[in-house]
Amino acid sequence: MESLVNFARAPAVAILHPALTWASKKKVNRLRAKLGDDNDPLLLTAINSASLRFQETNRPEPLFVDPYAGCFVSPNVKMDMRQCSHHYCLATKFIDDKLLRTVNHIDGVNQVVLLTDGMDTRPYRLSWPPSTVIFDLSPERVFRSAAEKLAGLCCLTNCVGAKIPRNCIFLHVPMESSGILQSLRAKGFNGNRPSIWVIQGLPVMTLASFEEVLFSVSNMATNGSFFLGELPAWLAETEIGIKSSTGQWMEKLFMSNGFRVDMIGYDDIARNLGKQLAQGDYKNILFVAEQLQFSDDQMETWRREFQRVEEQGDEEGFEEL
């Protein structure tokens, strides 16, 4: 193991962390009692994203194929067949490729955590290697609605049910859970093993709620794990001062949680793919971050091993630590 001086933070015990919800349960329950499919903003936003994927799938040369997106959209959805690529679709393609490269080419990465709007079809449409464990954290109401449609025959694309690749596991954790960290662990997430985390579509209402997300990922992701995706640009606008840029704000926020972060330009992705970026202002930031610290579970494992070696007086064990 690494020397203690190489650890970037002091050991932390999971049970000391406050329960993180990423959403107010009272507000969620109050909204759930009043909202239906026609006026639920979380559901409508997820359907809008699914519509973009459906339209991209039906282009002559699509960036990706989502055979399940049609399950979520209206039969009379208006198709936009312009040749320009939407920012969201370019981001989706970028995230898809990064996910598959990571799980296929980096040893030990078989835990994937998707922070989504509830209609993310990656668990079904991507070719995951055997033994991949996929966790979806999303709004319960949207996820259940999507699951029902995916299990049925109501797809414009005539898909008959969506299935997870063989020998893979797919687990859902409601965004409204009282303790996200505990819920993930209860589902089998192992903080001593590498993971890759994606955020695209997860409702983020305030800067504080995103900071909770980042804090949670930092606690659970091992050294060398990745966190990537899109976050709302207005988060940066709430704190950027006269002398600060979005890049500086991102670097400060992520580094304070142990991540080295890079912002990814949508125009760069379009150029690399030989596509033309659609006109218009897009209010998201695309990023890739790498965890430089050790997870809480790694630190706890090291602490226990150090204690064991100390109690046994094992000089060789100390040298190994």
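**Charged and aromatic contacts in a predicted model**

Guide: In this predicted model, the charged end of K98 sits over the ring of F226, at 4.2 Å from the ring centre.

Visitor: Where in the chain do R185 and D297 lie?

Guide: R185 belongs to helix α6 (residues 180-186) and D297 to helix α11 (residues 296-312).

Visitor: Which residue forms a salt bridge with R303, and how are the two placed in their helix?

Guide: The partner of R303 is E300, and the closest N and O atoms of this pair are 2.6 Å apart. Both residues belong to helix α11; because they are 3 residues apart, about one helical turn separates them. E300 is buried, its relative accessible area being 13%, whereas R303 is partly exposed at 33%. Elsewhere, salt bridges that share partners join R53, D66, D96, D120, R122 and R125 into one network.

Visitor: Are D281 and K283 buried or exposed?

Guide: Both D281 and K283 are exposed. Their side chains meet in a salt bridge, with 2.8 Å from N to O.

Visitor: How is a pair of aromatic rings described?

Guide: The description uses the distance of the centres and the angle of the planes. A search of the whole structure finds 12 aromatic pairs. Among them is the pair of Y68 and Y124, whose centres lie 6.0 Å apart and whose planes make an angle of 65°. This pair is edge-to-face, because its angle is over 60 degrees.

Visitor: Where do Y68 and Y124 lie in the chain, and are they buried or exposed?

Guide: Y68 is in the loop between α2 (41-57) and α3 (87-105), while Y124 is in helix α4 (residues 122-125). The two tyrosines are 56 residues apart, and their pair links distant parts of the chain. Y68 and Y124 are both buried.

Visitor: Which residues form one aromatic cluster?

Guide: The cluster consists of F210, F227, F254, F259 and F287.

Technical notes
Residues numbered from 1 in each chain as written. Predicted model: local features only at pLDDT ≥ 70, side-chain atom pairs only at ≥ 80, totals over all residues. Heavy atoms only, no water. Helix = DSSP H or I, 4+ residues; strand = E, 2+ residues; numbered from the N terminus. Salt bridge = Lys/Arg side-chain N within 4 Å of Asp/Glu carboxyl O. Buried < 20%, exposed > 50% of the residue type's maximum accessible area, 1.4 Å probe, protein only. Phe/Tyr/Trp six-rings, centres within 6.5 Å; stacked < 30°, edge-to-face > 60°. Lys NZ or Arg CZ within 6 Å of the ring centre and 35° of its normal.
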